[in-house]
Structures are given as structure tokens and as C-alpha cells.
Amino acid sequence: MALRNAVMAALLDGAASGYDLAKNFDASVANFWMATPQQLYRELDRMESDGLIDAVVVRQERRPDKRVFSLTAAGYRALREYTERSPRPAAMRDELLVQLQAVDAGDADAVRASVAERIAWARGKLARYERLRLRLLDGRTEDEHVARAERIGPYLTLLGGISLEEENIRWGERVLALLDRRAAAVDGSPAAG
């Protein structure tokens with residue numbers, strides 16, 4: 001997937017400046033796509049050159065002028081064409097998994113600490129996602145939201161992020177339990193839990 005597709009999906013929420021897109025990228029598409037502000041600004045320039053977005057300069061008092069971007073008809077067409085294609089399978093590149101693969105020759109305590117850190121990180125993200133979910137629902141049930149919301153894409157991707165973090169927590173807890181059992185077996189002591 002190209003960054004431009006994630007940017008176009010984020011612009012479905014309405015016109016936004018590059019700064020606003022960078023700031024809000026976490027809330028809208030960071031569940032499934034990461035980008036630095038520099039990458040985002042470069043892509044916005046390319047997308048404008050390609051006619052996928054328009055930019056309007058907005059004058060501001062006591063601050064530099066800003067450019068506000070919106071999708072063009074060509075951008076909407078490109079986004080539609082993008083959704084018509086089958087996505088490529090996800091590719092996983094996770095340094096923690098490589099460390100776990102090498103744990104038998106490495107520092108098991110350090111790897112265990114990394115797994116615990118991953119669990120803590122996932123719990124933090126899950127809490128943020130749950131708060132965002134409550135804001136999106138705005139007091140409605142999920143069924144009411146799906147039936148009445150102008151757009152359900154953000155809610156659907158948020159559910160994917162929630163599921164991913166719940167699974168990260170479940171997996172990490174299981175890994176820690178197995179590492180503990182392995183350590184107990186190697187030490188010759190009874191296995192815990």
C-alpha cells in the first residue's frame with residue numbers, strides 16, 4: 001500500500017492542513033499505517049502534483065500561512081480504484097519475534113523484559129483505542145452507529161486496531177508464561193502456573 005492511499009483515506013474526514021493530518025494521523029490511520037511528518041509532507045506535494053488533492057492557502061494572524069488539502073475528483077476516483085483491488089498479504093517484520101527466535105542463545109531476561117514492554121505498550125494503545133471508540137459511538141450502540149454514521153470506515157479500522165492489541169496482550173502473556181515454565185524446567189524447579 002502506498003502512503004498516498006492512507007492520506008486519501010484520512011482526507012475523507014474533510015479538508016486538513018499538513019500539520020493537522022500529521023497530528024491526527026495517529027487517531028485516523030495509525031492503526032494500520034505509520035508515517036513521519038516529513039514523509040507525509042513529501043507525499044502531499046506529490047499528490048498535489050498528480051492532481052489527487054487540491055491545496056488552498058489559508059492566511060493566519062501571528063502564524064505562518066498554511067495549506068489546507070482536500071481530495072479532488074481524481075483523488076476520489078483513485079481511492080475508489082484502490083478499494084477495488086485485492087490487497088497484498090500483510091508482511092510482518094517484527095524485531096521482537098527475531099529476538100524470541102534467538103532466545104535460546106541470547107539473554108532470556110532481556111527478551112522477557114521486551115515482551116513485558118510490548119504488553120504494556122499494547123495495553124496503553126488498547127486504552128486509547130477504547131476511548132476513541134467511545135467518542136466515535138458518541139453514546140450510540142454499535143448498531144446505531146453503523147446505521148446512522150456518515151462514515152463507518154474509521155470505526156471498522158479501529159476495531160482492527162483493538163483486536164490487534166488484544167491479541168498482542170494475549171500472545172505476550174502466553175509467551176511470558178512459557179518463558180517462565182522453560183526457566184523453571186531448566187533450573188529443575190517445579191513449573192509455575
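Start by selecting the charged side chains of this predicted model: the 29 positive charges (Lys and Arg) and the 30 negative charges (Asp and Glu) of the protein have mean positions 2 Å apart. His and the chain ends are not counted, and each charge is placed at NZ of Lys, CZ of Arg, CG of Asp or CD of Glu. Residues are numbered from 1 along each chain as its sequence is written, and side-chain values use heavy atoms, with hydrogens and water left out. Local features need pLDDT of at least 70 and side-chain atom pairs count only at pLDDT 80 or more, while totals for chains, interfaces and linings use all residues.

Next, show the C-alpha trace. Along its principal axes the trace spans about 70 × 45 × 40 Å.

Now select residues 16–17, 53–58 and 66–71, which are E1 and E2 and E3. Together they form an open antiparallel sheet in the order E1-E3-E2. E1 and E2 each have a single partner strand, so one side of each lacks a neighbour in the sheet. Pairing requires at least two DSSP bridges between strands; E1 and E3 have two bridges.

Finally, pick Ser17: opposite this residue stands Val68 in E3.

Conventions: Helices (H or I, at least four residues) and strands (E, at least two) are DSSP runs, numbered from the N terminus.
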